Amino acid sequence: MVPDDCLLSFFQNACNALQNLDVKAYGTRLSLADCRRCILEKQKSVLHQSVPNDLDLSIEQVQQRLAKLKQESDLSAALKTSMTALDEAARFALCTLVLYNQNHWGDQNGGRDLQTTGRMDRSRLLEFIAINRTALKLRRIVIKYLSDGPPLFEDSPTPDKQATALRFPQPRLEHIQRLLSRAIGWDPLFTTSELRRIFFDNATSQT
C-alpha cells in the first residue's frame with residue numbers, strides 16, 4: 001500500500017515545481033498539445049524524485065494509486081486538498097506556458113495550422129472557455145498585464161505599434177483572447193465570428 005505521506009510529498013513538490021516553472025526553458029513555438037506534454041513530464045519527473053528510496057515501492061505502484069485516488073471513499077481531507085491544489089497548479093502552469101509560447105510566436109499565423117472556416121468543435125469551445133477563465137486568474141501575469149499594460153512577459157517582443165494599440169485594458173484582454181484562440185487552433189477572426197454566431201445571433205433568432 002502506498003502511504004498517504006508519500007502522495008502528500010509528491011503533491012507538495014509538484015505544486016512547487018509547477019508554480020515556479022521556467023517557461024523560457026521550453027522554447028517558444030510549442031503547440032497546446034506540446035505544452036500539455038511538458039506539464040505532464042514535469043509532474044512525472046517530480047514523482048520520481050518524491051518516492052523515498054527506503055520505501056519498498058515502485059513508481060508504478062504510486063502511479064496506480066494516484067490513478068484511482070478520486071475513487072477512494074475514505075480519502076483524507078489533506079489528500080483531497082493537496083490533489084485539488086495540484087490540479088489548479090497544473091492548469092495555471094499550462095496556461096502560462098501556452099501564453100508564453102503564443103505571445104513569442106507573434107501575431108501572424110505563420111507556422112500554425114489554424115481553422116478559418118466551418119464550425120467550432122464543441123469540445124474545443126469548452127476548452128477555449130476554460131483556458132480563458134484560467135488566464136484571468138493568473139495574477140502575476142495576466143491581471144498585472146491588464147492593469148499595467150505591456151509587456152505580458154519580461155522578454156516579450158513588443159513592437160512600438162503594439163504598445164500603442166494596447167494602452168487600454170479592453171485591447172489587452174482581446175490580445176490575450178487572440179493568443180488563446182491560436183493555441184486552441186483557431187484564427188482569431190474565425191473565433192470572433194463563431195462566438196458572435198453562437199452566443200448572439202442564435203440568441204437573437206430565438207427571441
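No disulfides are present in the structure, which is a predicted model. A disulfide is a covalent bond between the sulfur atoms of two cysteines. The sulfur of C35 has its closest cysteine sulfur in C38, but the gap is 6.1 Å, too far for a bond. The cut-off for a disulfide is 2.5 Å. C38 is likewise in no disulfide, as its nearest cysteine sulfur is that of C35. Both cysteines are buried: C35 has a relative accessible area of 0%, and C38 has one of 16%.

C35 and C38 are among the buried residues of helix α2, along with L32, I39, Q43, V46, L47 and S50. An α-helix has 3.6 residues a turn, so residues three or four places apart point the same way. Helix α2 runs over residues 32–50 and has 19 residues. Its first and last C-alpha atoms lie 27 Å apart, close to the expected 27 Å. The cover over its buried residues includes α1, α3, α4, α5 and α8.

The largest pocket holds about 760 Å³ of space. It is lined by 26 residues, and Q19, T96, R140, I141 and F153 are the closest to its centre. Helix α4 gives the largest share of this lining, seven residues. By type, the lining has 13 nonpolar, four polar and nine charged residues.

The second largest pocket has a volume of about 390 Å³. Its lining has 18 residues, with F128, N132, Q177, T191 and L195 closest to the centre. Two or more lining residues come from each of α5, α8 and α9. Here α8 supplies the largest share, seven residues. The lining of the second largest pocket comprises ten nonpolar, five polar and three charged residues.

Key:
Residues numbered from 1 in each chain as written. Predicted model: local features only at pLDDT ≥ 70, side-chain atom pairs only at ≥ 80, totals over all residues. Heavy atoms only, no water. Helix = DSSP H or I, 4+ residues; strand = E, 2+ residues; numbered from the N terminus. Expected span 1.5 Å × (residues − 1). Buried < 20%, exposed > 50% of the residue type's maximum accessible area, 1.4 Å probe, protein only. Contact = heavy atoms within 4.5 Å. 1 Å grid on protein atoms, 1.4 Å probe; cavity = no way out; pocket = protein on both sides within 12 Å on 5 of 7 lines; lining within 4 Å. Points joined across faces, edges and corners; volume = space filled by probe spheres on them. Nonpolar A, V, L, I, M, F, W, Y, C, P; charged D, E, K, R; others polar.
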